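Here are my notes on the model you sent over. Have the structure open while you read.

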Amino acid sequence: MEPQELLNYKNWVVIGNVLDESKYAYKILKSLEHGEFNAKGVYPKDTTGSAFKSLKEVPYKIDVIDLCINPALGIDFMKEAKELGIDKVLIQPGAESKEILDYCKENGITAIESCALVLLSVYRNVKVHHD
């Protein structure tokens, strides 16, 4: 699968600090929303109630995960994804690890290392969120 093919799927979850406007997870989530994707944020450290803390809490069938979190935390989300039957993940630069890539390969999860902001800008002409 080519990275841009992930954009054919509408139901996304961004895992990372989606509450801090300076973080890429926030920018990716807002850009997906601007591109008319169904997208929600998952941030395990949220104390505000503004983001989900796990994939299980998301109230729709997730097509694609955008992984934008420390790999030490990301591997647990990949294990949860397998339990839920989620089989596509876009791994942002810095969120990858050999453990995550091996786990995905061994468990039938398509793992693509790329940048969602570039994909949205180039292939969907979405004005990406930079604020």
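The points below go through the sheet, a helix lying across it, and some ring contacts.

1. First, a reminder that we're looking at a predicted model. Its five-stranded sheet is open, with strand order 2-1-3-4-5 and parallel pairing. Strand 2 (38-42) and strand 5 (110-113) are at the edges with a single partner strand each, so one side of each has no neighbour in the sheet. On average, neighbouring strands here are turned by 20° against each other, ignoring direction.

2. Within that sheet, take a look at strand 1 (residues 11-15) and strand 3 (residues 64-67): four bridges join them in the parallel sense.

3. Helix 2 (residues 71-84) lies across strand 1, strand 2, strand 3 and strand 4 (88-91). Against strand 3, helix 2 runs at about 175°.

4. Now the aromatics: the count is one aromatic pair. That's Trp12 with Phe37, edge-to-face, at 6.0 Å centre to centre and 80° between the planes. Trp12 belongs to strand 1 while Phe37 sits in the loop between helix 1 (24-34) and strand 2, so the pair ties together parts 25 residues apart in sequence. Are these two buried or exposed? Trp12 is buried, at 0% relative accessibility, and Phe37 is buried too, with a relative accessible area of 6%.

5. Lys27 has its charged end over the ring of Tyr24, 5.2 Å from the centre. Lys88 lies over the face of Tyr9, and there the distance to the ring centre is 4.4 Å.

Technical notes:
Residues are numbered from 1 along each chain as its sequence is written. This is a predicted model: local features need pLDDT of at least 70, side-chain atom pairs count only at pLDDT 80 or more; totals for chains, interfaces and linings use all residues. Side-chain values use heavy atoms; hydrogens and water are left out. Two strands pair if DSSP finds at least two bridges between them. Helices (H or I, at least four residues) and strands (E, at least two) are DSSP runs, numbered from the N terminus. Axes are lines fitted to C-alpha atoms, for helices over the stretch in contact, and angles run from 0 to 180 degrees between N-to-C directions. Contact means heavy atoms within 4.5 Å. Rings of Phe, Tyr and Trp (its six-membered ring) pair if their centres lie within 6.5 Å; planes under 30 degrees apart count as stacked, over 60 as edge-to-face and the rest as tilted. Buried means under 20% relative accessible area, exposed over 50%, partly exposed in between (1.4 Å probe, protein chains only). A charge sits over a ring if NZ of Lys or CZ of Arg is within 6 Å of the ring centre and within 35 degrees of the ring normal.
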